[in-house]
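Trainee: I have a predicted model open and would like a close look at a single part of it. Could you walk me through that part and then show me how it sits in the whole?

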Amino acid sequence: HYEDILFVYCLYCHTSKILVLKDIFYNQVIREDSASRKEFSIKVLKDRLLLLENICKYAKKYMLIKEYRKTINNSLKGFFIDAAHYNKFHIYRNELQESYSLVYLSNKDVFNSLFSKVANYDINLVIRIIKIKHFLRKK
């Protein structure tokens, strides 16, 4: 999962100009067995963490952390939102906590949001806050 996003991040790091097209540039065919059609799972969440870890490694390698810290933290926020909407989160909470903590510890210089720091100690607390926030927005 997410290899296309990793490619775009890496490409974006080395571009000096970006062209925005109003017309469709390509069509994507989504097959029956496509990752886009698979049920959301713990593997998808772990792959998202792996994506963030690889983006951080790439940004560190090319000394681009300062420029991309905000973007990386926004992607991390998306990970937490996805985890909050995963209906089996409670089953895999400990496994996800362990995976997140490993990624956080190697990238705590990048992950600088309050949620990222709290999640290192208790990812469940962050997920509950997101769910409460979502509930209050509905009202």
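**A close look at Glu95 and its helix**

Mentor: Happy to! Leaving aside residues up to four places away in sequence, Glu95 touches Ile42 and Lys46. Glu95 and Ile42 are 53 residues apart along the chain, and their C-alpha atoms are separated by 8.9 Å. Glu95 itself belongs to helix H4.

H4 has a kink of about 40°, and the kink is centred on Glu95. The end-to-end distance of H4 is worth checking too: with 19 residues, a straight helix at 1.5 Å a residue would reach 27 Å, but the end C-alpha atoms of H4 are only 23 Å apart.

Next, the buried side of the story. The buried residues of H4 are Phe89, Leu96, Gln97, Ser99, Tyr100, Ser101, Val103, Tyr104 and Asn107. Leu96, Tyr100, Val103 and Tyr104 are among the buried residues of H4. The cover over the buried residues of H4 includes H2, H3 and H5.

H5 deserves a look of its own. This helix, residues 114-138, has 25 residues, yet its end C-alpha atoms are only 24 Å apart, short of the 36 Å that a straight helix would reach at 1.5 Å a residue. A kink of about 130° is present in H5, centred on Asp122. Buried in H5 are Ser116, Ala119, Asn120, Ile123, Asn124, Val126, Ile127 and Ile130. H3 and helix H4 (89-107) are among the elements that cover these buried residues of H5.

Lys66 is found in helix H3. With a relative accessibility of 76%, Lys66 counts as exposed. Lys66 and Val110 are 44 residues apart in sequence, while their C-alpha atoms are 8.5 Å apart in space.

There is also a cavity to find. The structure holds 1 cavity of 30 Å³ or more, and the largest cavity has a volume of about 30 Å³. Its lining consists of Tyr9, Cys10, Cys13, Ile55, Tyr58, Ala59, Tyr68 and Ile72. Helix H1 (3-13), helix H2 (42-61) and helix H3 (65-85) are the elements that give two or more residues to that lining. By class, the lining has 8 nonpolar residues, with no polar and no charged ones.

Finally, zoom out to the whole protein. The protein has 5 helices and 0 strands, and from the N terminus on its elements run α-α-α-α-α. Its C-alpha atoms fill a box of roughly 40 × 40 × 30 Å along the principal axes. Of the 139 residues, 36% count as buried. Among contacts between residues at least 6 apart in sequence, 72% join residues at least 24 apart. The touch between Glu95 and Ile42 spans 53 residues along the chain, which makes it a handy place to begin your own tour.

Notes:
Residues are numbered from 1 along each chain as its sequence is written. This is a predicted model: local features need pLDDT of at least 70, side-chain atom pairs count only at pLDDT 80 or more; totals for chains, interfaces and linings use all residues. Side-chain values use heavy atoms; hydrogens and water are left out. On a 1 Å grid over the protein atoms alone, a cavity is a set of points where a 1.4 Å probe fits but cannot get out, and a pocket is an open set with protein on both sides within 12 Å along at least five of seven lines; lining residues have an atom within 4 Å of a point. Grid points are joined across faces, edges and corners, and a volume is the space filled by probe spheres set on the points. Helices (H or I, at least four residues) and strands (E, at least two) are DSSP runs, numbered from the N terminus. Ala, Val, Leu, Ile, Met, Phe, Trp, Tyr, Cys and Pro count as nonpolar, Asp, Glu, Lys and Arg as charged, and the others, Gly among them, as polar. The expected span of a helix is 1.5 Å times one less than its number of residues. The bend at a residue is the angle between axes fitted to the seven residues ending there and the seven starting there. Buried means under 20% relative accessible area, exposed over 50%, partly exposed in between (1.4 Å probe, protein chains only). Contact means heavy atoms within 4.5 Å.
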